Amino acid sequence: MITMENVCKSYRIAKRNAGFGAACRALFHREYEEIQALNDISFTIRDGEMVGYIGPNGAGKSSTIKILSGILTPDSGKVSIDGRILWNLDGKGRSLGAGKEKYRRIDHVRQIGVVFGQRSQLWWDVPVIDSYELLKDIYSIPDQVYRKNLAELTESLSLTEFLRTPARQLSLGQRMRCEIAASLLHSPGILFLDEPTIGLDAVSKLAVRDFVKKLNREHGTTVILTTHDMQDIEALASRIILIGKGRILMDGTLEDIKRGGASMDETLAQLYKSYEIT
Amino acid sequence: MKKYISYFRMWLVMGLQYRAAAFGGIVTQFFWGFMEIAAMHAFHESNPAAYPMTMEATCSYIWFQQAFIAMLSARLFDGQILDSVRSGDIAYELCRPVGIYDMWFSRSTASRLSAAGLRCIPILLVAVFLPKSYRLSAPAGLPQFFFFLLTLALAVLVAVSFIMLIYISGLYTVSSDGLRRLCSSLMDFLTGAYIPLPFFPGTIRRMLELLPFASMQNVPLRVYSGDLAGAAMYRALLLQIFWLAAMVMIGKILCRNAERKLMIQGG
């Protein structure tokens, strides 16, 4: 179970006007703007749920994923996953709870799998299978489990042909399938997918969707998915959390936002407009 | 521990595939070494009495320096590590159950060993068969050779632990370019890559020998030919261990601190 309670995160962004004069002034005096990326976010996700986390660009989706995966510290709020408290911070960022939630990134990341659609986790110059072997050691996956998982992933994502190809020579679609397999070798209970279908062709998209569905059905893996592709959401998410300008605007099912015969994209655009978050 | 050995093995293997880079390196280092020895001969001839090392020791110093440059240099950085910090790909590393410091350390050490492994043998082989005044001579003795290997290993680790500090500075400032450039020229001077440290005048020399940079190549290269021996050698060895421990400790503290408030930007 994943819970976020009153989580806030703001970024400080340096701003200046265009031009040489402004650049010189900025040497002596910097202006910063506080951007509230997450403003009082709370939700609970039960084991085995598939949740679509949607919102326009810059809404705070990736920040949420990063906080949940333990690589970004929120300013305040409480985050716990399967009873492990990742953060419990008061309004000033001080730790509450007598050091119980001391920094435990390494214990935490063992239990989760993460795919960032816009980054690569495979090592560029070596065959994919070498990356997998290294991940096996990194996560201390027992031989038997590794072989079983690898066989299963290879089969359901059809990886056989390119396991021996260096990652840099794979097409985006092939690479994304390899990335997803890489994040599941250690059988995590929770999978975070941050725009996993970005830039993929129809065939690869379908392959990825089918695979995620199967994973959730057969292993009960909790999946949290951010995407701009409404068909991903339609195919995968039984529950949708809509975020905009750092706030949760809606938490419901697909049916809640669907109306009439409008396409998903139109529905969503309408929804963004009605909340004035575009 | 096993995972860091795996990182080490992987980067060792990876480094061995860059053949063209190694070939280029061999040619460059060989000519560089040749020119440097020629210049040293010129010094020697102008005033042999003021020359602080024997000519054989100087030749060995320069040949080993050129052969192991990829391993000992304090100015060779792993582009992948620097990029992963700037581009945010470090996000993935943080999503894995590994300590950033230990992982970078084993990777850097491995890629240094493989780069030097590819380059050193041809250079040393040729250097052994050169005319006498340019030749790489045999070690001063068996014990010296043993201490040479020991101080060489320590030197690699000291160099890596220093480079780690520069990588970690990137976690605080996004780009460590500035610090890196500053270090590059300064390091060559302080480590004795331009001229061996014994050529520096008295007080400066004594100060330089205490700095961590002297532990990076000056020590093993002089131990080999017996230029550094006896009590002075043991002192240098202890100093190497001291700097290694100190820099690893500082690096680990800074790294842990940075990990806690790291920010991965962009979506």
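A residue is called buried here if 20 or more other C-beta atoms lie within 10 Å of its own. Keep that cut-off in mind. What we have on screen is a predicted model. By that cut-off, 38% of the 278 residues of chain A count as buried.

Overall build next. Chain A has ten helices and ten strands. Along the principal axes, the C-alpha atoms fill a box of roughly 55 × 50 × 45 Å.

Now contacts. Take those in chain A with a separation of 6 or more. Of these, 69% join residues 24 or more positions apart.

On to the sheet. In what order do its strands run? The order is 6-7-8-3-9-10 in chain A. That makes six strands in an open sheet, with mixed pairing. A quick reminder: strands of a sheet pair through backbone hydrogen bonds, either parallel or antiparallel.

Which strands stand at the edges? Strand 6, residues 112–116, and strand 10, residues 247–252, of chain A. Each has a single partner strand, so one side of each is left without a neighbour in the sheet. Neighbouring strands of this sheet are turned by 15° against each other on average, direction ignored.

Strand 9 of chain A covers residues 239–244. Strand 9 pairs with strand 10 of chain A in the antiparallel sense, over five bridges. To find this pairing on the model, look for I243(A), which stands opposite I248(A) in strand 10 of chain A.

Terms used. Residues are numbered from 1 along each chain as its sequence is written. Chains are lettered from A and ligands numbered from 1 in the order in which they are written. This is a predicted model: local features need pLDDT of at least 70, side-chain atom pairs count only at pLDDT 80 or more; totals for chains, interfaces and linings use all residues. Helices (H or I, at least four residues) and strands (E, at least two) are DSSP runs, numbered from the N terminus. A residue is buried if 20 or more other C-beta atoms lie within 10 Å of its own, exposed if 12 or fewer, and partly exposed in between; C-beta atoms are placed from the backbone. Two residues are in contact if their C-beta atoms, placed from the backbone, lie within 7 Å. Two strands pair if DSSP finds at least two bridges between them. Axes are lines fitted to C-alpha atoms, for helices over the stretch in contact, and angles run from 0 to 180 degrees between N-to-C directions.
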